[in-house]
Amino acid sequence: SPQYGGQNAFLGVIVTFRDITRRKQTEDELLYISMHDPLTNIYNRAFFERELARLECEAVYPLSVIMIDVDGLKRVNDLFGHSPGDLLLIRVAAVLRQSLRTGDLVARIGGDEFAILLPGSDQATLDETIQRIRDNIAAENHTGKNDFTICISLGGSVINEPCGPLKELLDQADAQMYLEKREKQREPGVAPDYLPPRSA
C-alpha cells in the first residue's frame, strides 16, 4: 500500500506477503492422493472414470481399452498374508506402466483389477500393446527374483467411432478377459482357485 507524508508527499510503499509454499505442497499432495492408488502409485478408479468421461466427450477415436485381472491373488493373500499379495500387485503395476506409451493410462480399479485406456489406438495398436504386456510379464517372471510368478488374464476391445457409452467398451473388454480366465481354468491341472507358482 502507498505511504504519504506531509503535504501528501509520496514516501514509498509497504508490501505485505506470506509464504504459502507449505500450503501449496499440501494441496499438491492431497490432489495426488485423490487421483492415485496408495499401494501401486498408479491412477485409481475415480481418476480412471473421470478420464473415461472426458474421452467420451472429446471423442478421441479410435479408442482401445484393456481389462486385466491378477490370477490367484486371493489365494496368495489367504495362504501367505497380504504382504506377498501387495508385492505381487506392485510388480504387476510396474510391468503395465513400462508396457505403455506416453499418453496411455493405467489404473487399479479394484482389488486385483487393472484397466488401461489407449487413446488413438486401433486394433493393431491394441494387439501390439497386449503382446508387449505379455512379453514384459514373461521377462519379469524370468528374473526369478520374486516369490510368485505373475499370472494375469486380460481382454481388450476397440471402438473406431462414437456408438454409445464407453462403458460398453469396458464391458466388451471385461468379457474377453473372463473368457481367457475360463479357458485357463479348463486346462488340465489348473483349479478355479489357481495359485501363481513360486518363481524358480
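Q: In which strand is the place of leucine 154?
A: This is a predicted model. Leucine 154 belongs to a strand that spans residues 152–159. That strand is β6.

Q: Is leucine 154 buried or exposed?
A: A residue counts as buried when its relative accessible area is under 20%. Leucine 154 has a relative accessible area of 4%. Leucine 154 is therefore buried.

Q: Which residues is leucine 154 in contact with, leaving aside its neighbours within four places in sequence?
A: Contact here means heavy atoms within 4.5 Å. Among the partners of leucine 154 are Ile66, Met67 and Ile68, which belong to β3.

Q: What separates the C-alpha atoms of leucine 154 and alanine 175?
A: Leucine 154 and alanine 175 are 21 residues apart along the chain.

Q: Which residue in β6 is the bridge partner of isoleucine 68?
A: β3 and β6 pair in the antiparallel sense over eight bridges. Isoleucine 68 is a residue of β3. Its bridge partner in β6 is leucine 154.

Q: How many of the residues of strand β3 are buried?
A: Strand β3 covers residues 63–70. The rest of the structure largely encloses this strand, because its buried residues number eight of eight.

Q: Which residues of β3 point one way, and which the other way?
A: In a regular strand, side chains alternate between the two faces of the sheet. In β3, Leu63, Val65, Met67 and Asp69 point one way, and all are buried. Those that point the other way, also buried, are Ser64, Ile66, Ile68 and Val70.

Q: Which residue in β5 stands opposite valine 65?
A: β3 and strand β5, residues 113–119, pair in the antiparallel sense over seven bridges. Along this pairing, aspartate 69 stands opposite glutamate 113. Valine 65 stands opposite leucine 117.

Q: How many of the residues of β5 are buried?
A: β5 has seven residues. The strand is largely enclosed by the rest of the structure, because the buried ones number five of the seven.

Q: Which residue in β5 is the bridge partner of alanine 107?
A: Strand β4, residues 105–108, and β5 pair in the antiparallel sense over four bridges. β4 and β5 form a hairpin with four residues between them. In β5, the bridge partner of alanine 107 is alanine 115.

Q: Which residue in β2 does proline 2 stand opposite?
A: Strand β1, residues 2–4, and strand β2, residues 10–13, pair in the antiparallel sense. The pairing runs over three bridges. Proline 2 stands opposite valine 13.

Q: What is the phi of asparagine 8?
A: Most residues other than glycine have a negative phi. The hairpin of β1 and β2 has five residues between the strands, and glutamine 7 there takes a positive phi near 55°. Asparagine 8 lies in the loop between β1 and β2. Although asparagine 8 is not a glycine, its phi is positive, at about 60°.

Q: Is asparagine 8 buried or exposed?
A: Exposed means over 50% relative accessible area. Asparagine 8 has a relative accessible area of 60%, so it is exposed.

Q: How does asparagine 41 count in terms of relative accessibility?
A: Asparagine 41 is in the loop between α1 (21–35) and α2 (45–58). Its phi is near 65°, a positive value in a residue other than glycine. Because its relative accessibility is 42%, asparagine 41 counts as partly exposed.

Q: What pattern does the protein chain follow along the sequence?
A: The protein chain has six helices and six strands. Read along the sequence, the pattern is β-β-α-α-β-α-α-β-β-α-β-α.

Q: What is the radius of gyration of the protein chain?
A: The C-alpha atoms fill a box of roughly 100 × 45 × 25 Å along the principal axes. A compact globule of 200 residues would have a radius of gyration near 16 Å. The protein chain has 24 Å.

Q: What share of the residues of the protein chain count as buried?
A: The accessible surface of the protein chain comes to about 11,900 Å², and 53% of that belongs to carbon and sulfur atoms. Of the 200 residues, the buried share is 38%.

Conventions. Residues numbered from 1 in each chain as written. Predicted model: local features only at pLDDT ≥ 70, side-chain atom pairs only at ≥ 80, totals over all residues. Heavy atoms only, no water. Helix = DSSP H or I, 4+ residues; strand = E, 2+ residues; numbered from the N terminus. Rg over C-alpha atoms; globule rule 2.2 N^0.38 Å. Buried < 20%, exposed > 50% of the residue type's maximum accessible area, 1.4 Å probe, protein only. Areas by Shrake-Rupley, 256 points an atom, 1.4 Å probe, with all protein chains shown as cover. Pairing = 2+ DSSP bridges.
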